[in-house]
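Colleague: I am new to reading protein models. Please take me through one, feature by feature.

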Amino acid sequence: MAPKKATVTKVGEEKELKAVVLADSFDDLFQPLAVNKPRCLLPLCNVPMIEYTLEFLAASGVAETIIICKSHSEKLQAYIRQSKWRRSSTPMKVNTTVTQSATSVCDALRKIDESGVITSDFILCTGLVVSNMNLSELVAAHIANKSNDRHQIMTMLLREAASSHRLFDKSDESVYIIEPSTSRLLAVNTFPSLPRAQNVDIPTRAIIYKMPKAEPRAGFAGTNESVYSPEVELRADLIDTHVSICSPEVLAQLTENFDYQVMRRDFVHRTLVSDLLSSTIYAHILTGSSSALSEAASAAAAGAAVIGSDALVPALGALDLSAGGGITYASHNGYAAGVADTAAYDAISRDLIGRWAYPLCPDSNPTDGPSYSYHRGAVYKTPSVFLGRESRVDHHVILGPNSHVADHARVFDSVLGSGCRVSGHSVVCGSYLFDGVSIGRGSVVEKSILGERVTILENVVIERGCLIGDDVILGPNVRIAAFSRISRRTPQSLQALASNDFDSYSEGSDSDDQSDEFVDADIAIDKDHSRASHASTSSLAGLPSSVGAEVFDTQTLGALGVGYVWTDDAGDNSDPEDDVADGEMDSQIKILRTIGSNLRDVELANADLAVEESADQHEWQPENAFVQYSQEHFEHELVLTIGAVLDGSRTLDMAMTDIRSFRMACNANQDRIRPVVLTEALNAIDLEAVSSSAKKTLAKIVQLIRWGIGSGAEQVDAISIVERHCALSPAIDDDDVRGRLFKVVVCVLYELDVFEDLAIISWYNRSLKRHDGDVSHKLLNTIEAFVDMLNESDEDDEDDEDDDDDGDEDEDEDDDDDDDESSEEGSSSEE
């Protein structure tokens, strides 16, 4: 059953709810992936991103959606025409509007205001929003609150999350100042994360303000006096979902203020701090979980019935207008997020695969595309997938139709599009492969995004954060540095093609006669990969001669490489989206907004980086990037394998074979096996029966423990690991238990021939001399008697050896005397 169309009521007038979708972001954060198609048509878990947005709006009861597009507008229009949204049975009407002259988000919205198609409250979002919510009740609450506050023009949908959440924007920090009783937004202060700001400027008007006088209405008593806010909240834990409910006044203010370019930094910020404008903005904050169980519980608590598969999530519930004029929503559960950059692309993909946005998940494909089946470990695949008998595919993977994973290949935490091929002895981890990608033998792709028809030849390593455009060829035997951007064409040729296309395109037309699609140069590679040839095509005829002459950087891309590496000043020169107000985005900020990035990857010119790490941690080296990421996944797999052995679901021999192969595939450091194995073994010991449980647990995986402990130095390090765990583990709250566990584990491992007596004595003597707090002397006391016994045993062994040596010397002397006597007798006989 399709969701009922929502209506917007205003002074007795009833109008259907509309939505405005911004298909362009006016930045180059996805380049060169979006060179040949609009960003909203790029696949997210093998589904075009615009489909998630349209499904979300249709479930919210939107009657008409207007998509504003600029880049590759004819391709977006063609996609909409052939999609299900143009069928007569579709409850929501979808139209496109082309704004080729727009240079920013606010410019595009001014074009909508000029057209006059929006005359009532509407939903505003980007074409990259993923949500399982039904906004119809929130829209009704927004309209109802306008009776309380006639100056209200917008309600922003925000999401509460910890600063460590993977959806948090690492490139900037935002502080929201909110009046908690009414959810009114008083100010928004956004500033770059690096260099880290030491203070935040908060306008006095945001702290001390007068609430607007309430208008009397039926069932609600108005007030004649201004009311001061009793308290305000400063929130730095909110994420902008890029979804807002707006009044037509928003478009009017954008038209009046032509210098506004981006929504949050310009429009929202200036509206709230302006002394001339009386407009108000409210916030609705999502705080609850959106997993399947919590959604069902929320629906039951709110008395709402679960809607069928045609809709996404039950309505948010009834609304309550308090005496102060605020809105209290019955439910704040739901998932909503916007794909603002490739870092968010990675985070949202993981949420969908991990079913955090249920029922939005790969096995409930919103399009008419292939159907996926769910398997253990959050692995989704279609029936046409081919997996080699010796291949490994596990832990959050989507395998598209006709994808092929050969023997001895490893794929995890990744999405493979249709027709992708991964050759033997290759590893794909944390990456996203669009349709038709081929990975050669022995290659590694780590936390990167590869466009359509990309070919990776043999023994190529692609480090994290790389964005590879369509039809690029890399290799063989080459390493691509982290955060590289490589496209089939030079940025200059792409800009020239775009310029020619814009000049010939009639703005606002809905025809497919004009197209900016160009034909790539023909690439011919023989089966032995011995040569590559390329030739210019007629598509470059109208371009400057320098554009047609293609000379590839074979030193960087490989002997057979085809493509160009983008520099920091390459790509789109237009204004960035809603987080940068002026000109070109800083390269450091670009890195922070790229898949696989973290603060350590940014080298700042000033020394005010507020990250307390050692110098070697601050120094980021590309050659260590894959090792760090692979090590984390190796340790995760090792933990799961040890757990399987301890619970009996996997034999030790099988587990050791898997660990060996996985360690080699990830090139992981074997020294990390020791702390992981010991920690998991200690965690598995029953503290209520330490002695018996320790003997049973350690004996079960003793071969695996020995694997990481060989030399005397490794034994000493292993004893330190056991001591630190026993001293600091939060799971142990009794000092007696800590001491008993440490003593028993050391003794058992000694009996199992893992620890030698000399290693235990050496560690004990060295630890006695330390007074820096790194060793617990209480635990040392528990093994004092055991160490004394080992010392006495060694002394006895030395005495026995001395006695044996003395006996051997006496026997040697007797033998010598006998020999002398024999020789004398022989001499006399000869005489």
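**A hairpin and its neighbours**

Modeller: Start with the hairpin of β11 and β12: four residues lie between its strands, and S183 takes a positive phi near 65°. This is a predicted model, in which local features need pLDDT of at least 70, side-chain atom pairs count only at pLDDT 80 or more, and totals for chains, interfaces and linings use all residues. Residues are numbered from 1 along each chain as its sequence is written, and side-chain values use heavy atoms, with hydrogens and water left out.

Colleague: How do strands of a sheet pair?

Modeller: They pair through backbone hydrogen bonds, either parallel or antiparallel. Here, two strands count as paired if DSSP finds at least two bridges between them. β11 and β12 pair in the antiparallel sense over eight bridges. Take I177: its bridge partner in β12 is A187.

Colleague: Which other strand do bridges join to β11?

Modeller: Strand β15, residues 233-235. Three bridges join the two, and they run antiparallel.

Colleague: Is β11 mostly covered or exposed?

Modeller: Mostly covered: seven of its eight residues are buried. Buried means under 20% relative accessible area, exposed means over 50%, and partly exposed lies in between (1.4 Å probe, protein chains only).

Colleague: What about strand β3?

Modeller: Strand β3 spans residues 18-22. Four of its five residues are buried, so β3 is largely enclosed by the rest of the structure. β3 pairs in the parallel sense with strand β6 (residues 64-69) over five bridges. There, K18 has E64 as its bridge partner. Five bridges also join β3 to strand β8 (residues 122-126), again running parallel. V20 has L124 as its partner in β8.

**Open sheets**

Colleague: How many strands form the open sheet that starts with β21?

Modeller: Nine, in the order β21-β22-β25-β28-β31-β34-β37-β40-β43, with mixed pairing. The edge strands are β21 (373-375) and β43 (564-565), and each pairs on one side only. Inside the order, two bridges join β28 (residues 414-416) to β31 (residues 432-433), and these run parallel. L416 has L433 as its bridge partner in β31.

Colleague: What is the order of the open sheet of six strands?

Modeller: β23-β26-β29-β32-β35-β38, with parallel pairing. Its edge strands, β23 (386-387) and β38 (473-474), each pair on one side only. Two bridges join β26 (residues 404-405) to β29 (residues 421-422). H404 stands opposite R421 in β29.

**Helices**

Colleague: How do I check the length of a helix?

Modeller: Compare its reach with the expected span, which is 1.5 Å times one less than its number of residues. Helix α17 (residues 673-684) has 12 residues and reaches 17 Å from first C-alpha to last, close to the expected 16 Å. Its buried residues include I673, V677 and L682. Helix α22 (residues 757-768) should span 16 Å; its end C-alpha atoms are 17 Å apart, which agrees. W763 and Y764 are among the buried residues of α22.

Colleague: At what angle do α17 and α20 pack?

Modeller: About 40°, with their axes 10 Å apart; α20 covers residues 712-728. Axes are lines fitted to C-alpha atoms, for helices over the stretch in contact, and angles run from 0 to 180 degrees between N-to-C directions. That makes α17 oblique to α20. Angles under 35 degrees count as roughly parallel, over 145 as roughly antiparallel, 65 to 115 as roughly perpendicular and the rest as oblique.

**Cysteines**

Colleague: How many disulfides are there?

Modeller: The count comes to zero. A disulfide is a pair of cysteine sulfur atoms within 2.5 Å. The sulfur of C125 is 10.0 Å from the closest cysteine sulfur, in C246, too far for a bond. C125 counts as buried, at 1% relative accessibility. C361 is in no disulfide either, as the nearest cysteine sulfur, that of C45, is 9.9 Å away. C361 is buried too, with a relative accessible area of 8%.
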